[in-house]
Amino acid sequence: MMNNPDTLSTVSPEAQQHSDALKEIIKTQIYSQAGSIPFSDYMQACLYTPGYGYYSAGSHKLGKYGDFTTAPEISHFFGYSIATHIHDVLVQLTKKQILEFGAGSGQLAADIMTYLKSQHQLPEYYFILEISADLRQRQRAYLQQHIPELMDRFIWLDSLPEKFEGVIVANEVCDAMPVNLIKIKDNELFERHVGWNNNAFAWQDRAITKADLQKQAERIQSFISTEYYETEINLTAQQWLQTTAQSLKAGAIFIIDYGYSFTEFYREEREQGTLCCYFRHQINDDPFFLPGLQDITTHTEFSTLADIALEQDMDVAGFHEQSDFLIAGDITSIAAKCHSEMTSADWLQQSAALKQLLMPGQMGQQFKVLSLIKNINSLPRLSVSDRRYQL
């Protein structure tokens, strides 16, 4: 059951002014586009408008005092396990490099580098492609505090390299990409737009104008027999992977996110889609609530991403539930080795964190990992509990 935004905590006058200013920016955009904009444009504005968008402003997003907590913040063991899989790729490459999209607090980067250092397999460079200037500053500060001796290996990028050899990590990246919303009503297809009515944002339904969106919407419609159905199509993630796969000359891409295969994502019972919003660790289903102050997110549909990878001459090396991927990355062995160095209180805390990362009812099953490789040998670890048959 999602919370009603009206029951959520009030915000400071400064925060309200910030949100109101973004509303005015979006309202101007709506008026300039004949009265409505696709939801994807609205979501883009809410999350990424310079100085005002959720990921572009200076508020805390991650951890206890933010709006949500990601796996790297839960336990160092998450990053150590990811590093084990990265190690298997780097040993096959002449250029040993890592590129992380959207590095959040910087903790995943720190944990990966810490573990690879312990295995004497440090990459020459660890690139971070981060569009948020605020998060870049936080990442630099975190890495400087925790692994200052490795700072010379970190390079922040403004764009994807044309040619890259190494490992690309995208942890909770696709879920933050703007999505197109479609609606099926009485066997007719519409794209959901956002307009402005009675001094508030309002839904408007328009004919689909993009050919690729129409084609994918028609495919979904063929599976749906109900009179009313709403869902998302993430064209942005599809375009991102296509570009990223073209950039990668040799190595691997690990995409980690909560989501489903195509048939599971577009189940008839999932008639309201997966769109949801996070504000102060509370979930709601109103994307018009406090624009710029709350996260807007959707689940990832992995089957189409796998198809795109194949079109770009990549191999789908594995599709796993997060728990299986982390176990294949020796997370339990790593935790056991660290146990002797911990106090009882610390170990109790880490045990709880491991349960959160691995248990079926929590992140272990909700999150999936799509592993893609190009011009390297297969990765034996990924044969364990592989679910590519579900794609």
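Contact here means heavy atoms within 4.5 Å, and helices (H or I, at least four residues) and strands (E, at least two) are DSSP runs, numbered from the N terminus. The model is a predicted one, in which local features need pLDDT of at least 70 and side-chain atom pairs count only at pLDDT 80 or more, while totals for chains, interfaces and linings use all residues. Residues are numbered from 1 along each chain as its sequence is written, and side-chain values use heavy atoms, with hydrogens and water left out.

With contact defined in this way, D212, L213 and Q216 of α7 meet L235, Q238 and Q239 of α8. The crossing of α7 and α8 is right-handed, a term for the near helix being turned clockwise from the far one by less than a right angle. Axes are lines fitted to C-alpha atoms, for helices over the stretch in contact, and angles run from 0 to 180 degrees between N-to-C directions.

| Helix pair | Axes come within | Crossing angle |
|---|---|---|
| α4 (residues 76–90) and α5 (residues 107–118) | 8 Å | roughly 60° |
| α7 (residues 211–221) and α8 (residues 235–247) | 11 Å | roughly 110° |

The angle between α7 and α8 makes them roughly perpendicular, whereas α4 and α5 are oblique to each other; angles under 35 degrees count as roughly parallel, over 145 as roughly antiparallel, 65 to 115 as roughly perpendicular and the rest as oblique. The crossing of α4 and α5 is right-handed, and among the residues that make their contact are F78, Y80 and I82 of α4 and L108, I112 and Y115 of α5.

Turning to the aromatic rings, the structure holds 24 aromatic pairs, where rings of Phe, Tyr and Trp (its six-membered ring) pair if their centres lie within 6.5 Å, and planes under 30 degrees apart count as stacked, over 60 as edge-to-face and the rest as tilted. The rings of F39 and Y42 have centres 5.8 Å apart and planes at 35°, so this pair is tilted. F39 and Y42 are 3 residues apart in helix α2 (residues 39–48), which means that about one helical turn separates them. F39 is buried, with a relative accessible area of 0%, where buried means under 20% relative accessible area, exposed over 50% and partly exposed in between (1.4 Å probe, protein chains only).

Y42 is likewise buried, with a relative accessible area of 0%. The rings of F201 and F288, with centres 5.8 Å apart and planes at 45°, also form a tilted pair. Because F201 lies in strand β8 (residues 200–206) and F288 in the loop between β12 (282–284) and β13 (295–297), the pair ties together parts that are 87 residues apart in sequence. Both F201 and F288 are buried, and F39, Y42, W196, F201, W203 and F288 form one aromatic cluster.
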